[in-house]
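Open the model in your viewer and keep the selection tool at hand. The stops below are taken one at a time.

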Amino acid sequence: MADVAMFPLGTVLFPHTPLALRIFEQRYLMMLGRVLDDDEPSFGVVLIERGSEAGGGDQRFSVGTMARILQVDPRADDVHIIAVGGTRVAVDRWLEDDPYPAASVTPLPEFEWNDELTPLHAQAEQIVRRVLARAAEFSDVRWDPNVELSEDPVESAWQLAAITPLGQMDQLRLLHATTLGGLLRDIIDLTLDAEVLLTAGPEIDDVGDIDLSGY
């Protein structure tokens, strides 16, 4: 168990997936200044259950992901950062939010690859890419159906979870996976369940052409 700075967000961060943030609130600027003193600067990200990202007073879910900072771009009124998801963590206890949110967390076990999962992994990727391509015919989608994934099968499984065009609660369910096989099966089931809605759903903000293979 360790005490870490936390950044509650309105989105789920998955391992091995990039995160772009614009930091402008004073409390998170203070947090950034503190974590940048570390050899490997990072902070925890959890999904907000109720409330908003700005202003505080939000309620948060208790499973999240550590975000390792890769790039910092200071500007006149804010700071833009690029981070990448790392280890999943469970929040054991929330600490005081002053001067910024923090929590005591415990890392969750890492998944290990088993070659027997190869067909399931291939099926999950085929379904996710197909549904993304179909959804793109009806509205803007967040991820390009042909986005490149990591060659590592565990990393790419988490990236599949990230690009799957689901709502935040379904993505949170994926983040809670206890086995790699369970994660892949849930990716398949949730994507197929949502396919009808996705092909006639609302527009999703475009995050641009991002290559996941380097994460």
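Select Leu192 in helix α5: the helix bends there by about 30 degrees. The bend at a residue is the angle between axes fitted to the seven residues ending there and the seven starting there. Helices (H or I, at least four residues) and strands (E, at least two) are DSSP runs, numbered from the N terminus. This is a predicted model, in which local features need pLDDT of at least 70 and side-chain atom pairs count only at pLDDT 80 or more, while totals for chains, interfaces and linings use all residues. Residues are numbered from 1 along each chain as its sequence is written, and side-chain values use heavy atoms, with hydrogens and water left out.

Now select all of α5, residues 180–198. Its 19 residues should span 27 Å at 1.5 Å a residue, and the end C-alpha atoms are 25 Å apart, which agrees. The expected span is 1.5 Å times one less than the number of residues.

The axes of α4 and α5 come within 9 Å and cross at roughly 160 degrees (axes are lines fitted to C-alpha atoms, for helices over the stretch in contact, and angles run from 0 to 180 degrees between N-to-C directions). The angle makes α4 roughly antiparallel to α5; angles under 35 degrees count as roughly parallel, over 145 as roughly antiparallel, 65 to 115 as roughly perpendicular and the rest as oblique.

Which residues of α4 and α5 meet? From α4 they are Asp170, Arg173 and Leu174, and from α5 Leu183, Asp186, Ile187 and Leu190; contact means heavy atoms within 4.5 Å. By class, this contact of α4 with α5 has four nonpolar, no polar and three charged residues (Ala, Val, Leu, Ile, Met, Phe, Trp, Tyr, Cys and Pro count as nonpolar, Asp, Glu, Lys and Arg as charged, and the others, Gly among them, as polar).

Next, select residues 153–163, helix α3, and residues 168–175, helix α4. Their axes come within 9 Å and cross at roughly 165 degrees, so α3 is roughly antiparallel to α4. Trp158, Ala161 and Ala162 in α3 meet Gln171, Leu174 and Leu175 in α4. The contact of α3 with α4 has five nonpolar, one polar and no charged residues.

Two loops remain. Most residues other than glycine have a negative phi, and most peptide bonds are trans. Select His16, in the loop between β1 (2–9) and β2 (18–23): His16 is not a glycine, yet its phi is positive, about 65 degrees. Finally, go to Pro99, in the loop between β5 (79–94) and β6 (102–107). Asp98 and Pro99 are joined by a cis peptide bond, with omega about 10 degrees.
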